[in-house]
Number of protein chains: 2
Amino acid sequence: MVAATSENPQRRRAPTSLLRDLQERFGDRFSVSAAILDRHGQDESYHAGMAPDAVVFARSTEDVADIVRLCATTDTPIIPFGTGTSLEGGIAALQGGVSVDLSMMNDVIEVNVPDLDCRVQAGVTRKQVNTHLRDTGLFFPIDPGADASLGGMAATRASGTNAVRYGTMKDNVLGLTAVMADGRIIRTGGRARKSAAGYDLTRLLVGSEGTLGIITELTLRLQGIPEAVSAAVCPFPSIADAVNAVIVTIQAGIPVARIEFLDDVQMGAVNAFSKLDYAVAPTLFFEFHGTEASVVEQVETVKQIAADHGGHEFRWATRQEDRSKLWQARHDAYYAAVSLRPGAKGMATDVCVPISRLADCMVETKADNDAAGVLAPMVGHVGDGNFHLSYVIDPTSPQEIEAASALHERLVLRALAMGGTCTGEHGVGYGKISFVEREHGDAVAVMRQIKDALDPKGILNPGKVIRM
Amino acid sequence: MVAATSENPQRRRAPTSLLRDLQERFGDRFSVSAAILDRHGQDESYHAGMAPDAVVFARSTEDVADIVRLCATTDTPIIPFGTGTSLEGGIAALQGGVSVDLSMMNDVIEVNVPDLDCRVQAGVTRKQVNTHLRDTGLFFPIDPGADASLGGMAATRASGTNAVRYGTMKDNVLGLTAVMADGRIIRTGGRARKSAAGYDLTRLLVGSEGTLGIITELTLRLQGIPEAVSAAVCPFPSIADAVNAVIVTIQAGIPVARIEFLDDVQMGAVNAFSKLDYAVAPTLFFEFHGTEASVVEQVETVKQIAADHGGHEFRWATRQEDRSKLWQARHDAYYAAVSLRPGAKGMATDVCVPISRLADCMVETKADNDAAGVLAPMVGHVGDGNFHLSYVIDPTSPQEIEAASALHERLVLRALAMGGTCTGEHGVGYGKISFVEREHGDAVAVMRQIKDALDPKGILNPGKVIRM
């Protein structure tokens, strides 16, 4: 077991006086019930959780500021909580402290249709915002597998299947409201499409995983729903064939909206989990957005590229409900993978490499896993050079964790040697700190300087991104 | 005259011992010649320049690190210099110090065609990199008016006419090498298309104007040269008609590559300066990129939108040399504006507003200028909601500077009230610090904390972005 306690040099339990003050201020939105504490300390990953000492359900930015100010007086850690769907232990209260649950901050505050933007509270989820936008002709494209909160997605710099066309949270957050470590409320960015007015605090907070400030509101960039959408599934003879088709597609500049890879193991898992009947082979899922004419043009070009790489059987999903089923199956890939083995959890990996190295990286990785005999379905946002393995392991088995960790380490070193990154979209949490150190070297010391300047007491989500 | 000295509470002249050490280390790449000092302290703007005490021509990141270390030992300011084309006094040595000229760092280090990226030294200019890329089928899209250095463009978060389609420097820098205030060399980002591995130091340094670190190398994202390119010029009956045509185009999601506005005064100036014969009327310059079919489709749609707003006379430039002439004329708009009045300089403004407010903002601003009787040609990257006026003034006339400054202040307040920013792409320099404070409020204190943490002696380009 990866023990959270090994990362816990000093526990800073919330003192009784603080708990009393919080209870007084927040009433029944304050909880120390064991079930609630446990749920707020354990995410969806194999990482050992750690329950906080208390949970407060915030309703407003001012609530969050009050919680932070109260905690700051006693140097008590504060751990922001959205939906608990982190994959890197992001919500574990490694030193104890207070979990700030933002799920009641779920108002879509305003939608500016003519400007293609909206402002939401941090607890709004990606599906909720899109449901809200349904009649506007607009949508928000970022779609991690889980129905995560937008605050959490910003905090982890999430992306998903649409990133190849629409970018990641880095590109789609125009501005933020955040509570800093001393309880100050700041607003970053704005509604203009671009600005050169000072340091880019928006981009600094996006991806900082609650360690520099707590995001409470977001201004999001929206996209027009395309006139035409078409999706298709195509099996390939091998991983290399599928990935090489992707590489040619991207290099040709075709503006595919989604281009997702699933290996044969993952396709078997998806068929079983989502009751589908696709070929059990390395497979690409495509989606094309545009005008009617441009979608036809994109489809024709990509079909030719696929055929050149042995992908001949496009299976189309043009009706909205067929596409929804297809993409829901893709989004459930992680759950499908872990369901291959009852009681197992997935150790999710997340490397991203320059696209010219993607086929090499995936093929070498698959060979390494196969040699080790570890069950590890593979999926990828391959248009970005990003792919995931889920090592499906018994989370109570030190041997299995050790074996998977060794494979993961080799995978990360392979990706770094190819000019890649240890995490494309899941974030660092407490699971990847040492990899970030290898990836960024001396730049980590600069990250540390920023952390120490903005959170001198180290109370904001301690032990995530940066060592405690 | 906006006196640089009024921003200069303490001069920190480079001590003789430091100058001796620098001369010893850099030989004939060290200069204290008056002509060279003057050239390094005055940019292209109306802002009062201030010459540095010495200039060192760096050839490598290690050179820059050596200069910074030597300067740090005597708390001497360091001012990075690319091409000197700043519009906000970015290179003025407000407290004295050493100008680090990066123009000899002009190597394109590597081009990775399959991955659509390249690595350059910071002194490479935008035209140089595109000349270098000529035979690769790739190009770098960011194009401020001047042939600026890529390091300077990153430092000011520059953009230009292509930003509506391809984004700004924020979106097109994958990673950086930078020298920090203590001489440490760090590398940020990487070649992967996305990463969630720690704080986004790349985006923090982009737009920091040399105040947090000195950018010495950049990894740039490149674009494929489109299969088809078409450009056109179209006059409109009024500013509102032209801008409303833009608004409809953007809201319709048409992926125009460029959509630029010039008012009647600017068109007259452009015709005179670039020897052209366009109608002297509010005018849009368009460029469309894509496949042959998609360009035709875009053109047909935009022609219809223009016609709906009284824009009936598209004048096409399909040959490469005609397009080059067209865009060179657009890039020279600032020089054309100031050439309207011999000896004058332009006080350039740079607000950017949500696109739904753009017509209102431009029309109100034009009325304000006209009422004041100030010559102020207007151009705009209107697809982004960004537009520039150049108040064409006598830089030695306090009255003219005061009148233009009052108009500028009203313009910025108008833009901020509409949810906009005081600078879309020129940066802050020392000219817009008070506007940034109005725009960002308490967030400026966070910027200050970061500055103090990363540059505790305040030696990196002091007095820019953040008050001294």
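Two residues are taken to be in contact if their C-beta atoms, placed from the backbone, lie within 7 Å, while helices (H or I, at least four residues) and strands (E, at least two) are DSSP runs numbered from the N terminus. This is a predicted model, in which local features need pLDDT of at least 70 and side-chain atom pairs count only at pLDDT 80 or more, whereas totals for chains, interfaces and linings use all residues. Residues are numbered from 1 along each chain as its sequence is written, and chains are lettered from A and ligands numbered from 1 in the order in which they are written.

**The two chains**

Begin by colouring the two chains separately.

Now select the contact between the chains, to which chain B brings 72 residues and chain A brings 72 residues. On the side of chain B that touches chain A, at least two residues each come from α7 (169-172), β9 (185-189), α8 (201-205), α11 (292-308), α16 (433-440) and α17 (443-454) of chain B, and α17(B) gives the most, with nine residues. By class, this side of chain B has 27 nonpolar, 28 polar and 17 charged residues, where Ala, Val, Leu, Ile, Met, Phe, Trp, Tyr, Cys and Pro count as nonpolar, Asp, Glu, Lys and Arg as charged, and the others, Gly among them, as polar. The copies meet through the same surface, because 100% of the interface residues of chain B are also interface residues in chain A.

**Helix pairs across the interface**

Next select residues 443-454 in both chains: α17(A) and α17(B) pack at an angle of about 130 degrees, with their axes 9 Å apart. Axes here are lines fitted to C-alpha atoms, for helices over the stretch in contact, and angles run from 0 to 180 degrees between N-to-C directions. The two helices are therefore oblique to each other, given that angles under 35 degrees count as roughly parallel, over 145 as roughly antiparallel, 65 to 115 as roughly perpendicular and the rest as oblique. Among the residues that make the contact are V446(A), I450(A) and L454(A), together with V446(B), I450(B) and L454(B), and by class the contact of α17(A) with α17(B) has eight nonpolar, two polar and two charged residues.

Move on to residues 292-308, where α11(A) and α11(B) pack at about 175 degrees with their axes 10 Å apart. These helices are therefore roughly antiparallel to each other, and their contact is made by A293, S294 and E297 of chain A and A293(B), S294(B) and E297(B).

**Inside each chain**

In chain A, select helix α10 (residues 264-274), whose buried residues are V265(A), Q266(A), M267(A), A269(A) and V270(A); a residue is buried if 20 or more other C-beta atoms lie within 10 Å of its own, exposed if 12 or fewer, and partly exposed in between. What covers them includes β13 (258-262), β14 (283-290), α12 (320-331), α13 (333-338) and β17 (378-381) of chain A. After α10(A) comes K275(A), whose phi is positive, near 55 degrees.

Finish in chain B at L326(B), which lies in helix α12 (residues 320-331) and counts as buried, with 24 C-beta neighbours inside 10 Å. Leaving aside neighbours within four places in sequence, L326(B) is in contact with A231(B), V233(B), F285(B) and A317(B).
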